[in-house]
Amino acid sequence: MSKYNTYNHVFLNVLKPTAINEYVPLPEFEEKGVSLYLKREDLVFPLASGNKWRKLKYNFKDLKTSPATGMLTFGGAYSNHLAAAAVMAAQEQILIIGIVRGEELTTKPLNPTLSQCQAKGMQLVFVSRAEYKLKEHGEKARQLVTTKNLLVVPEGGTNKLAVKGCMEILTNDDIRFDVVGCAVGTGGTLAGLAASAAAHQKVVGFQMVNDTTIPDCIRTFVSRDNWELIRHPSYAGYANIDKRLVAFANELIEKTGVLLDPIYTAPMLFQLVQMIKDNTWTFGTNILLIHTGGTQGIAGYNYQYQAQWPES
Ligand SMILES: Cc1ncc(COP(=O)(O)O)c(C=O)c1O
């Protein structure tokens with residue numbers, strides 16, 4: 001296991017409603033006549049970067065006009081969604097409670113993600129994996145929702161309002177691309193892209209979690225058939241970070257200055273590079289990949305695996 005380097009990246013700290021498209025000059029692509037741009041959603045609002053800001057925006061707006069007194073949401077110990085929700089709630093001065101998977105975490109020091117959530121004022125409630133599975137029907141969640149009158153936002157933030165937010169990712173300037181790609185966890189981001197893509201565009205989702213319900217989840221939000229999910233287990237991905245992936249991400253930083261996260265965006269690009277090299281990519285040569293952020297997860301990755309690195 002090798003260390004995922006952080007990069008002294010200069011984020012735009014101005015809130016930008018649309019993200020820039022950045023050309024990624026990779027020789028593997030240029031040799032095959034493939035052009036790749038990254039839509040830098042990660043720069044739109046760095047602390048709640050990328051799709052998280054898009055997914056939460058209308059949920060927070062809705063909350064502000066509803067009788068609810070705060071938000072209750074869910075996530076794992078390194079959740080980008082929890083981190084983003086905590087930042088946005090602090091900004092909007094809204095009460096937020098995060099139900100976190102794993103009651104064993106109660107007695108452990110907080111990892112970088114959870115420390116950030118707590119520093120932003122999120123109240124963390126640790127529950128067993130069995131209770132976590134029940135989500136808002138779990139005992140603690142039910143108690144909190146009824147006693148405090150909270151708006152429930154699902155794990156990963158995916159709901160109708162999240163999809164509405166993700167429909168704002170693509171702009172008229174993106175019509176020149178024939179393929180739009182994104183990493184997929186719950187499918188909400190892909191649903192928004194598919195719902196808003198131009199008629200000639202194919203939306204390709206790089207599925208990072210082993211969950212057979214994702215296509216059905218996407219279909220509840222979008223009735224078009226302009227999208228496809230791809231998943232190749234040997235190309236790493238969620239919780240399957242290997243040396244090749246980390247070396248790839250670190251090399252990309254050196255070559256292009258683009259920082260990807262270890263769970264979603266680095267595996268997505270890694271898989272695309274492999275497919276282009278193997279000639280198994282059949283979706284088109286003018287590609288726009290969405291950088292959905294998540295780089296807060298790098299600190300968590302380094303925290304989790306630090307014992308395994310040789311001294312450098
Ligand atoms: C960085 C990043 N990219 C992609 C995704 C996947 O998004 P979705 O759950 O909408 O499929 C997530 C999860 O929220 C994420 O944190």
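What you are looking at is a predicted model, where local features need pLDDT of at least 70, side-chain atom pairs count only at pLDDT 80 or more, and totals for chains, interfaces and linings use all residues. Residues are numbered from 1 along each chain as its sequence is written.

**Overall make-up**

- The protein chain holds 12 helices and 10 strands; helices (H or I, at least four residues) and strands (E, at least two) are DSSP runs, numbered from the N terminus.
- Of its 312 residues, 44% count as buried, meaning that 20 or more other C-beta atoms, placed from the backbone, lie within 10 Å of the residue's own.
- Among contacts with a separation of 6 or more, 73% link residues 24 or more positions apart; a contact has C-beta atoms, placed from the backbone, within 7 Å.

**The six-stranded sheet**

- An open sheet of 6 strands runs in the order β1-β2-β10-β7-β8-β9, with mixed pairing; strands pair if DSSP finds at least two bridges between them.
- From one strand to the next, the twist averages 25 degrees.
- β7 (residues 179-184) and β8 (residues 202-207) pair in the parallel sense over 6 bridges, and Cys182 has Gly205 in β8 as its bridge partner.
- Helix α8 (residues 188-196) packs on the sheet, touching β7, β8 and β9, and its direction makes about 160 degrees with that of β7; axes are lines fitted to C-alpha atoms, for helices over the stretch in contact, and angles run from 0 to 180 degrees between N-to-C directions.
- Helix α11 (residues 265-278) lies across β7, β8 and β10 (286-290), at about 130 degrees to β7.

**Another parallel pair**

- β4 (residues 95-101) and β5 (residues 123-127) pair in the parallel sense over 5 bridges, with Gly98 opposite Leu124 in β5.

**The nonpolar cores**

- In soluble globular proteins, nonpolar side chains tend to be buried together.
- The largest nonpolar core has 47 residues, and those with the most contacts inside it include Val180, Leu193 and Val203; such a core is a set of buried Ala, Val, Leu, Ile, Met, Phe, Trp, Tyr and Cys residues joined through C-beta atoms within 7 Å.
- Apart from that core lies another, of 34 residues, including Val44, Phe74, Tyr132 and Ala141.

Technical notes: Buried ≥ 20, exposed ≤ 12 C-beta atoms within 10 Å, placed from the backbone. Contact = placed C-beta atoms within 7 Å.
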